[in-house]
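Let's take a walk through this structure together. Have the sequence and the 3D view ready, and look up each residue as it comes along.

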Amino acid sequence: MTELMVDARNIAKQYGAIEVLKSVNLQVKRGEVTCLIGPSGSGKSTLLRCINHLEKHDAGELFVDGELVGYELKDNRLFERKSSEICESRSEIGMVFQRFNLFAHLNVLDNITIGMIRVKGLSEDAAVAKARELLRRVGLVNKEASYPSQLSGGQQQRVAIARALAMEPKLMLFDEPTSALDPELVGEVLEVMKDLANSGMTMIVVTHEMGFAREVADSIYFLDQGVIEESGEPQQVLSNPRSERLQNFLSKVL
Amino acid sequence: MTTNGDITYRVVPVRHYGRWVAAAVIAVFGAMVIHTIFSKVPTGQVACATTNGVRSCHGVMEWRFGWDVVFQYFTSPLMLKGLLTTIELTLMAMSIGIVLGVLVAIMRLSPNRLLSIPAWIYTWFFRGTPVYVQLLFWFNFAALYKVLAVGVPFGSAHFFTFNTLSITAYVAAVIGLGLNEAAYMSEIARAGLISVDEGQIEAATALGMTRAQTLRLVILPQAMRVILPPTGNEVISMLKTTSLAAGIGVIELTGAAENIYASNYKVMDLLICASLWYIIMTTVLSIGQYYIERHFGRGALRNQPLTPIERLRRDLKGIAGKMHTTRPGVVR
């Protein structure tokens with residue numbers, strides 16, 4: 001077992017002529033919280049989405065839990081993994097989206113149980129019991145019969161976190177989880193995320209919440225124009241930014 | 001009415017005199033239509049009878065719309081058999097249409113051109129030719145191929161052969177209507193599939209669902225809300241389009257009516273008789289459609305809309321309340 005949960009080396013990604021990621025390196029240790037910050041369009045979300053292979057990286061090597069993402073290395077050749085294998089690896093990585101993306105046709109309980117039943121093959125009873133326990137954890141005990149459209153943004157995002165946790169992931173990815181929320185609802189979601197961080201979950205969080213990053217993160221990466229400009233401990237990155245770009249960025253968001 | 005120094009006013013609604021006139025004109029016209037539909041006209045014959053030694057004669061009258069003949073044949077065995085055939089054709093053609101249509105739509109949306117282009121050609125061809133011509137085509141298919149066989153491509157060994165002369169009018173109607181319907185259903189299904197937010201697909205993928213699971217558990221159930229209303233229209237439309245099968249000799253509802261009036265010349269009466277059956281069936285389908293749409297609309301709206309019966313109840317209460325609305329005011 002390696003110490004690193006995520007090890008990205010020289011990751012590059014292009015959309016047409018646009019280079020979204022240019023040789024990015026990222027190391028995330030087990031049980032640590034890593035925050036990705038940077039202006040919009042800097043490639044933070046793309047990097048996050050490469051980690052569970054929602055996007056294919058074009059170059060570089062990406063390891064999650066010691067295994068190559070999307071490929072298998074044999075005899076110096078990269079064999080693309082079968083889609084069933086990719087699905088299985090994805091099921092071990094939880095993802096929370098900016099726009100929640102709860103299944104609109106399912107109520108809260110079914111949203112949480114569908115992955116456990118259909119992907120992990122749990123029995124319905126076991127899945128429901130687990131879902132209720134998670135709803136207690138995110139503080140939404142009495143909402144299990146509600147549909148997503150009947151919930152506030154903050155409640156939807158907490159359900160989305162519960163849905164991801166239901167799969168018992170070894171790694172959680174958060175893609176700007178509070179950016180679509182009304183300001184007064186941000187706190188309830190960050191609270192759940194802090195709890196999760198304290199429980200020892202390995203987390204990678206793309207965020208604009210500098211307060212959260214400072215308080216919770218073990219390390220912070222600042223991306224700009226597809227390059228990691230600066231990284232390190234929160235104190236160092238947020239309080240003593242070396243590069244001019246990070247200084248600029250922080251002066252705008254803080 | 002004064003309570004505690006406050007006053008309650010009676011509210012007088014605006015009178016819409018123009019609407020009243022329009023409603024009156026329409027009411028009179030409607031009464032005329034109903035009157036003529038249920039009127040009797042002289043046949044030109046005279047019937048005479050002798051009662052108590054007194055002989056009296058009067059002109060014989062008959063229903064203008066031949067209601068007695070309509071209801072004489074309404075439940076006749078031939079018409080009921082035709083009705084059953086119409087229902088069978090509708091069910092089978094729509095089943096083929098929906099299953100094949102969804103399949104074609106999925107192919108059409110595939111990133112693989114070898115799947116999407118044939119799907120496009122299918123829709124292009126079957127939408128581009130009249131359905132009646134297609135029915136005649138399948139009925140006369142034996143003129144093109146005497147046998148259909150499954151075997152080695154370009155080889156001579158056959159595992160299974162089918163004599164195309166055994167394609168009856170009924171089979172030709174099912175195939176023709178079904179294949180034609182699939183072309184329309186594929187466009188409806190495609191519209192539904194692409195209406196589902198991409199975030200839903202990403203969420204399902206991130207949970208580790210396969211493409212097939214994502215389609216079946218996440219995309220299709222949500223696409224249903226968009227697919228169902230036009231599909232309901234298609235079922236209703238198909239119910240009536242099956243009458244074209246009469247053209248190749250299938251004795252469905254219209255064919256049965258034609259057969260009967262060919263022998264008794266009561267053309268209008270039997271067409272009315274068949275039409276009554278069609279309208280009864282479309283009414284039943286419309287009601288079913290409403291409740292199915294309601295079921296699949298779950299989650300799309302914060303609150304389910306009222307059913308027509310619930311709305312009627314609310315409106316009746318409302319009308320009683322409207323007669324004497326009051327609102328509180330303040331004494332000046």
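## The disulfide in chain B

Cys57(B) is partly exposed, with a relative accessible area of 45%. Here, buried means under 20% relative accessible area, exposed means over 50%, and partly exposed is in between, using a 1.4 Å probe and protein chains only. Cys57(B) is joined to Cys48(B) by a disulfide, with the two sulfurs 1.8 Å apart. To count as a disulfide, a pair of cysteine sulfur atoms has to be within 2.5 Å. A disulfide is a covalent bond between the sulfur atoms of two cysteines. Over all chains, the count comes to 1 disulfide.

Is the disulfide of Cys48(B) and Cys57(B) right-handed or left-handed? The torsion about its S-S bond is about 110 degrees, so it is right-handed. Cys48(B) is partly exposed too, at 34% relative accessible area. Cys87(A), on the other hand, is in no disulfide, and the nearest cysteine sulfur, that of Cys50(A), is 17 Å away. Cys87(A) is buried, with a relative accessible area of 9%.

## Where the numbers come from

This is a predicted model, where local features need pLDDT of at least 70 and side-chain atom pairs count only at pLDDT 80 or more, while totals for chains, interfaces and linings use all residues. Residues are numbered from 1 along each chain as its sequence is written, chains are lettered from A and ligands numbered from 1 in the order in which they are written, and side-chain values use heavy atoms, with hydrogens and water left out.

## Salt bridges

How many salt bridges does a search of the whole structure find? Over all chains, there are 19. The rule for a salt bridge is a side-chain nitrogen of Lys or Arg within 4 Å of a carboxyl oxygen of Asp or Glu. One of them pairs Arg49(A) with Glu55(A), whose closest N and O atoms are 3.2 Å apart. Both partners are tucked away: Arg49(A) is buried at 15% relative accessible area, and Glu55(A) is buried at 14%.

Next up, Glu80(A) and Lys56(A) form a salt bridge, with 3.6 Å between the closest N and O atoms. Glu80(A) sits in strand β7 (residues 77-80) of chain A and Lys56(A) in the loop between α1 (44-51) and β4 (59-64), so the pair ties together parts that are 24 residues apart in sequence. Helices (H or I, at least four residues) and strands (E, at least two) are DSSP runs, numbered from the N terminus. Glu80(A) counts as exposed at 55%, and Lys56(A) as partly exposed at 40%. Then there's the salt bridge between the side chains of Arg132(A) and Glu144(A), at 2.8 Å from N to O. Salt bridges can also join up: Arg30(A), Asp65(A), Glu92(A) and Lys170(A) are linked in a network of them.

## Strands side by side

In chain A, strand β1 (residues 4-15) and strand β2 (residues 18-29) run antiparallel, joined by 8 bridges. Two strands pair if DSSP finds at least two bridges between them. Val6(A) stands opposite Val28(A) in β2(A). The two strands make a hairpin with 2 residues between them, and Gly16(A) in the turn has a positive phi of about 60 degrees.

Now find strand β10 (residues 203-206) of chain A: Met203(A) and Val205(A) point one way, Ile204(A) and Val206(A) the other, and all are buried. Strand β3 (residues 33-37) runs parallel to β10(A), with 4 bridges between them. Strand β9 (residues 171-175) is also parallel to β10(A) and joined to it by 4 bridges. Val206(A) is opposite Leu36(A), and Val206(A) is also the bridge partner of Asp175(A).

## A kinked helix, and a threonine

Helix α8 (residues 211-241) of chain B has 31 residues, yet its end C-alpha atoms are only 36 Å apart, short of the 45 Å that a straight helix would reach at 1.5 Å a residue. That expected span is 1.5 Å times one less than the number of residues. Where is the kink in α8(B)? Look at Ile227(B), shortly before the proline Pro229(B), where the kink is about 45 degrees. The bend at a residue is the angle between axes fitted to the seven residues ending there and the seven starting there.

Last stop: Thr205(B), in helix α7 (residues 198-206) of chain B. Thr205(B) is buried, with a relative accessible area of 17%. Leaving out residues up to four places away in sequence, Thr205(B) touches Leu54(A), Arg90(A) and Thr214(B), where contact means heavy atoms within 4.5 Å.
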